[in-house]
Amino acid sequence: MFSNTDIRMMQSALTLAWEGRFSTSPNPRVGCVIAHGDQIVGQGFHIQAGGPHAEVHALNQAGPLARDATAYVTLEPCSHYGRTPPCAEALIKAGVKRVVAAMTDPNPLVAGKGLSLLAQAGIETQSGLLEQEARALNRGFLSRIERGKPFIRLKCAASLDGKTALSNGLSQWITGEAARADVQILRAESCAVLTGIGTVLADNPRLNVRAFPTLRQPTRIILDSKLQTPSDSSVVRDCGSRTIICTTVSNTQKHTPYLRHRNISVLCLSEKNGHVDLHEMMRQLAQQGIGEVLVEAGAKLNAAFIETGLVDEIVLYQSAKILGNNAKGLFMLPENNQALNQMPDFFPVSAEILGNDIKITLHNKKFP
């Protein structure tokens, strides 16, 4: 069905799409290559929401050479007017003769309509080339559309014996500079970074990207059931990125001190077992366009996410340090888990040496 040339061109389009991983949210990451056989005449990727889509960049580069060419796109071209005109119409006007999409777009606004519009114009269309690679590229976008919840990545750092801090709470630094720099990349890739009120009170984190310039900062999400976030905390005072404080406190007067700050909002949610209902929170975050959440929290909140089955990926940075039995652990799970088959099931997909630490990535078997 697809030639070796088709595969190489789509691989190039996927590589281009990955270039937008820090900046396209809430839009999907999309790359496009326009070619005559093995000869690429135009290429581009979606850079930022509100800006031109990948197809437009590629068509602008190709110019008149787009006529009778094949366009390789990592996601079905859009067919509706949003902040930019439909890409399907742009491809038709350019005179391409064939469009190959890695996958159809599950967004109800598109969902096959883009390919149908192209076919009606007499353009040959195909989809499904390197579809799994395309899905992995946009797992946050797909999770938000298909499951109604963000893709949740849980980031942990621990010693060789699985501890996160000494018994007195001291945790700086378990891992080295290379691992901490890698966490900055995880933050930049994410739509949002989430932590709990305990971490805010103990560490006063900024939860932003500081290691390199980026077109957008991730949204910061604070789980604060009783609304205890200090007004002078970094997540409140730093207005350079959006912050959402999730709480069960419905008294709007108590929200006012936070709402005086630019880019701060309070999301009032249902209570479950004395805390914010995590499932409801994730549904509402997805409705706000948040597709990929990085959780950087303590043992209690880590365990809560694991217990509710919300975690899709765990990224563990493991150091060679040994902290001992009295040190604090990674997950504060209930002691009534007596059988191994009752424990959460994740499987490793990669391991990488970063300085003196090891980065281990594990996936839940359910998605993508």
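Predicted model: local features only at pLDDT ≥ 70, side-chain atom pairs only at ≥ 80, totals over all residues.
Tutor: Residues are numbered from 1 along each chain as its sequence is written, and side-chain values use heavy atoms, with hydrogens and water left out.

Student: What domains is the protein divided into?

Tutor: Domain 1 covers 4-138 and domain 2 covers 148-364. These bounds come from an automatic or database domain assignment. The C-alpha centres of the two domains lie 34 Å apart.

Student: How do you know that domain 1 is in contact with domain 2?

Tutor: Contact means heavy atoms within 4.5 Å. Nine residues of domain 1 are in contact with 10 residues of domain 2.

Student: What area do domain 1 and domain 2 bury between them?

Tutor: About 770 Å², with 55% of it on carbon and sulfur atoms. Buried area is the accessible area (1.4 Å probe) that two parts lose on being put together, summed over both.

Student: How many salt bridges are there between domain 1 and domain 2?

Tutor: Two salt bridges are counted between the domains, and a search of the whole structure finds 16.

Student: Why is the pair Arg8 and Asp38 called a salt bridge?

Tutor: The term requires a side-chain nitrogen of Lys or Arg within 4 Å of a carboxyl oxygen of Asp or Glu. The closest N and O atoms of Arg8 and Asp38 are 2.9 Å apart, so the pair is a salt bridge by that definition. Arg8 lies in helix 1 (residues 4-18) and Asp38 in the loop between strand 1 (31-36) and strand 2 (39-45), so the pair ties together parts that are 30 residues apart in sequence. Helices (H or I, at least four residues) and strands (E, at least two) are DSSP runs, numbered from the N terminus.

Student: Why is Asp38 called exposed, and why is Arg8 called partly exposed?

Tutor: Buried means under 20% relative accessible area, exposed means over 50%, and partly exposed is in between (1.4 Å probe, protein chains only). Asp38 has 54% relative accessibility, so Asp38 counts as exposed. Arg8 has 41%, so Arg8 counts as partly exposed.

Student: What makes Glu189 and Arg21 a salt bridge?

Tutor: Their closest N and O atoms are 3.5 Å apart, so the pair meets the salt-bridge definition. Glu189 lies in helix 7 (residues 177-189) and Arg21 in the loop between helix 1 and strand 1, so the pair ties together parts that are 168 residues apart in sequence. Both Glu189 and Arg21 are buried. They also belong to a network of salt bridges that links Arg21, Arg29, Arg139, Arg153, Glu189, Glu292 and Glu313.

Student: Where do His53, Cys78 and Cys87 come up in a record?

Tutor: An unreviewed UniProt entry annotates them as "binding site". UniProt positions are given in the numbering used here, feature names are shortened, and annotations may be inferred rather than shown by experiment.

Student: Why do you say that these residues gather at one spot?

Tutor: They span 35 residues in sequence, yet no two of their C-alpha atoms are more than 9.2 Å apart, so they gather at one spot. Cys78 lies in the loop between strand 3 (70-73) and helix 3 (87-94), and Cys87 is in helix 3. Leaving aside neighbours within four places in sequence, the contacts of Cys78 include His53 and Cys87.

Student: Why are Cys78 and Cys87 called buried?

Tutor: Cys78 has 8% relative accessibility, so Cys78 counts as buried. Cys87 has a relative accessible area of 1%, so Cys87 is buried.

Student: Why is Leu301 called buried?

Tutor: Leu301 has 15% relative accessibility, so Leu301 counts as buried. Leu301 is found in helix 12 (residues 299-307), and UniProt lists Leu301 under "binding site" in the unreviewed entry.
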